[in-house]
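Visitor: I would like to take a close look at one part of this model, and then to have it set in its wider context.

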Amino acid sequence: WLKSYWLKVFWPSQRIGGQACSNSQVLVSLAQKMSEGLEDFAAVRKIIEDKLHQEFYNVPTKDLPPRMQPRQLPNLQDAAKIDWDDWKQWEWLQPGWKGIKMHSQCVINADGSAEVRSVWK
């Protein structure tokens, strides 16, 4: 059904229900068709949310079903233990490294734009 509506949007003689109409009318009709069923979804979602709220309101988290229990997320204090300077020990960044290195070049093009290129040497 979507294909026929898109054809109507771009077809010179647009008709809905046998009557000529404008592009905006066709697009409104298309939007209405595409949103069909969302009301049903919203209604079902509201019913489920109400049932869950009635069943689990003021229930301690330890008594919730496993799927509803809060997940153990990383503690923010653990973030302080991150070694943010570990890149200083990477062997390819040390003086005297004999392996290949990536060289970056900034190139100004004929049209006045610039681009950054890289090459391994």
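With which residue does Asp-85 form a salt bridge, and how far apart are the closest N and O atoms?

Guide: Asp-85 forms its salt bridge with Lys-88, and the closest N and O atoms of the pair are 3.8 Å apart, where a salt bridge is a side-chain nitrogen of Lys or Arg within 4 Å of a carboxyl oxygen of Asp or Glu. The model is predicted, so local features need pLDDT of at least 70 and side-chain atom pairs count only at pLDDT 80 or more, while totals for chains, interfaces and linings use all residues. Residues are numbered from 1 along each chain as its sequence is written, and side-chain values use heavy atoms, with hydrogens and water left out.

Asp-85 counts as partly exposed because its relative accessibility is 40%, and Lys-88 is also partly exposed, at 43%; on this scale buried means under 20% relative accessible area, exposed means over 50%, and partly exposed lies in between (1.4 Å probe, protein chains only).

The structure holds 5 salt bridges, and two others can be set beside this one. Lys-62 and Asp-63 meet through their side chains at 3.3 Å, N to O; with a relative accessibility of 65%, Lys-62 counts as exposed, whereas Asp-63, at 46%, counts as partly exposed. Glu-115 and Arg-117 meet at 3.0 Å, N to O, and here Glu-115 is partly exposed at 32%, as is Arg-117 at 39%.

Strand 3 (residues 102-108) and strand 4 (residues 114-120) run antiparallel and are joined by 7 bridges, two strands being paired if DSSP finds at least two bridges between them. Within this pairing, Val-116 of strand 4 is the bridge partner of Cys-106. The hairpin has 5 residues between the strands, and in it Gly-112 takes a positive phi near 95°.

Helix 3 (residues 38-56) has 19 residues, which at 1.5 Å a residue should span 27 Å, and its end C-alpha atoms are 26 Å apart, in agreement; the expected span is 1.5 Å times one less than the number of residues.

Just after helix 3 comes Asn-58, which has a positive phi of about 65° although it is not a glycine. Asn-58 is found in the loop between helix 3 and strand 3, and counts as exposed because its relative accessible area is 68%.

Over the whole protein chain, 8% of the 121 residues count as buried. The accessible surface comes to about 11200 Å², of which 59% belongs to carbon and sulfur atoms, with areas from the Shrake-Rupley method and a 1.4 Å probe.

Key: Helices (H or I, at least four residues) and strands (E, at least two) are DSSP runs, numbered from the N terminus.
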